[in-house]
Amino acid sequence: MKSAPEDFENLSRLLSLKRHEQPPPGYFDDFSSQVIAGIRAGAAEPITGWQRLVEVLKCRPVLAGAYGVAVCGLLLLGLNLSRMMGDRPESVPKDWVSFAPMMLNVTSDWSSQGFSQPWSSSVAPVLSVEPPPGLFAGPRLNVQRAAFEFLGN
Amino acid sequence: MIETATAKAPAPLPLSEVDDEQLVSRSQRGDLTAYDELVRRYQERIYATVYHMTSNHEDANDLAQESFIKAFRALKSFKGDSSFFTWVYRIAVNKTINFLKQRKNRTYLSLNDVDVNAEHDPDLVALISDKTPRRDLNLAELQEKLNMAMQKLSIDHRTVVTLHDIQGLSHEEISKIMDCNVGTVRSRLFYARQQLQAYLIDYLK
């Protein structure tokens, strides 16, 4: 059994075969001109801001990570803010209360001028003082107590 | 008087004699003839590195060209902390590693021909001798087996073997190119060689 360094020596010899693998003759003659043509073609195409950002982030993985964290942070902040705004219950009713007297005045003006209410408002039940009739409330009937007199008493 | 002044001015050096630093400086100012000279200086080594990592001529052609184009676009950010050679090597190696990671395990060999000098290479003559178990193999078959074994290595191991055993770069240069310490380079080289040896045991003495 040969020692490892000797085996590596033979391996190095075998790997020297790779150095003899050559591209087709004349391949490098116009290689640099193709590169220059590629540079000129690239210069003709305008680079968008997004492409520039991607190139910068590719070269700097730490910056890419920081950018990702910043975007996620902003997203979470936005979500939290929107949730906090949604949880404030007094915001909508306050507006309704401030509008309610104005609506009542309008309707009273119409009635004082002898007009009947010209429209049926959907907010009337909300603004009316009397409680709305329930759906399952029974009809109000005048009921008299029945008097029974037993014969013979 | 004007003629005297013109005669005293030193003639500009041909580009082939200008050092890398000056060519880089001129390229940074947009001089494409200077960059053309830089490409000519390193095109063979960059192409060969990418070729040995991919074992595919077409891929190597595309990646090598794209590496030089990318290097030119990024040239303004090159501060000269390392040599241009190391810097452009790093771009090419990283680009090839990204390409291989995207390609994953799909390997398409498209090998270049072995040149005529291979038959007279003393290393190969010494290796392919009567004692070689598979000496019936010709060079083309041996080349294919070797490339298949290379493609079985992990990308990092293949890169280290390519840069050190084929391209002849030092451990220190490889550590700069691969952005890791010298110990990691040595360790990767050792394990890569061990694996290659296991794959190619029939073709070694």
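Buried residues account for 15% of the 153 residues of chain A. The model is predicted, and the values below are computed from it. Chain A contains 6 helices and 1 strand, and its elements follow the order α-β-α-α-α-α-α from the N terminus. The accessible surface of chain A amounts to about 12800 Å², and carbon and sulfur atoms contribute 64% of that area.

On this chain, W50(A), V54(A), Y67(A) and V71(A) form a nonpolar surface patch of about 400 Å². Two helices of chain A, helix 3 (49-59) and helix 4 (61-86), each provide at least two residues of the patch. W50(A) belongs to helix 3 of chain A. With a relative accessible area of 60%, W50(A) is exposed, because the cut-off for that class is over 50%.

In chain B, the packing of two helices was examined. The axes of helix 3 of chain B and helix 8 of chain B, the latter covering residues 155-166, come within 9 Å and cross at roughly 135°. Helix 3 of chain B is therefore oblique to helix 8 of chain B, since an angle counts as roughly antiparallel when it is over 145 degrees and as roughly perpendicular from 65 to 115. The crossing of these two helices of chain B is right-handed.

Salt bridges were considered next. Over all chains, the structure holds 10 salt bridges. In one of them, R41(B) pairs with D20(B), and the closest N and O atoms are 2.7 Å apart. This pair links distant parts of the chain, with R41(B) in helix 3 of chain B and D20(B) in helix 2 (residues 20-28) of chain B, at a separation of 21 residues. R41(B) is partly exposed at a relative accessible area of 24%, whereas D20(B) is buried at 19%. The two residues fall into separate classes because buried means under 20%.

R41(B) also forms a salt bridge with E37(B), with an N to O distance of 3.2 Å. R41(B) and E37(B) are 4 residues apart in helix 3 of chain B, so about one helical turn separates them. E37(B) is buried, its relative accessibility being 13%.

A further salt bridge joins the side chains of K95(B) and E66(B) at 3.7 Å, N to O. K95(B) is in helix 5 of chain B and E66(B) in helix 4 of chain B, so this pair ties together parts that are 29 residues apart in sequence. Both partners are partly exposed: K95(B) has a relative accessible area of 22%, and E66(B) has a relative accessibility of 38%. Through shared partners, salt bridges connect D20(B), E37(B) and R41(B) into one network.

The loops of chain B include residues with positive phi that are not glycine. S55(B), in the loop between helix 3 (32-54) and helix 4 (57-73) of chain B, has a phi near 55°. S55(B) is buried, at 0% relative accessibility. D179(B) likewise has a positive phi, about 55°, and is placed in the loop between helix 9 (171-178) and helix 10 (182-199) of chain B. D179(B) is exposed, at a relative accessible area of 70%.

Another loop residue, T107(B), lies between helix 5 (84-103) and strand 1 (113-114) of chain B. T107(B) is partly exposed, at 33% relative accessibility. The C-alpha atoms of T107(B) and N56(B) are 8.7 Å apart in space, although the two residues are 51 residues apart in sequence.

Key: Residues are numbered from 1 along each chain as its sequence is written. Chains are lettered from A and ligands numbered from 1 in the order in which they are written. This is a predicted model: local features need pLDDT of at least 70, side-chain atom pairs count only at pLDDT 80 or more; totals for chains, interfaces and linings use all residues. Side-chain values use heavy atoms; hydrogens and water are left out. Patches are made of residues with over 30% relative accessible area and no salt bridge: like charges are joined within 9 Å, nonpolar side chains (Val, Leu, Ile, Met, Phe, Trp, Tyr) within 5 Å. Accessible areas come from the Shrake-Rupley method with a 1.4 Å probe; for residues, only the protein chains shown count as cover. A salt bridge is a side-chain nitrogen of Lys or Arg within 4 Å of a carboxyl oxygen of Asp or Glu. Buried means under 20% relative accessible area, exposed over 50%, partly exposed in between (1.4 Å probe, protein chains only). Axes are lines fitted to C-alpha atoms, for helices over the stretch in contact, and angles run from 0 to 180 degrees between N-to-C directions. Angles under 35 degrees count as roughly parallel, over 145 as roughly antiparallel, 65 to 115 as roughly perpendicular and the rest as oblique. A crossing is left-handed if the near helix is turned anticlockwise from the far one by less than a right angle, and right-handed if clockwise.
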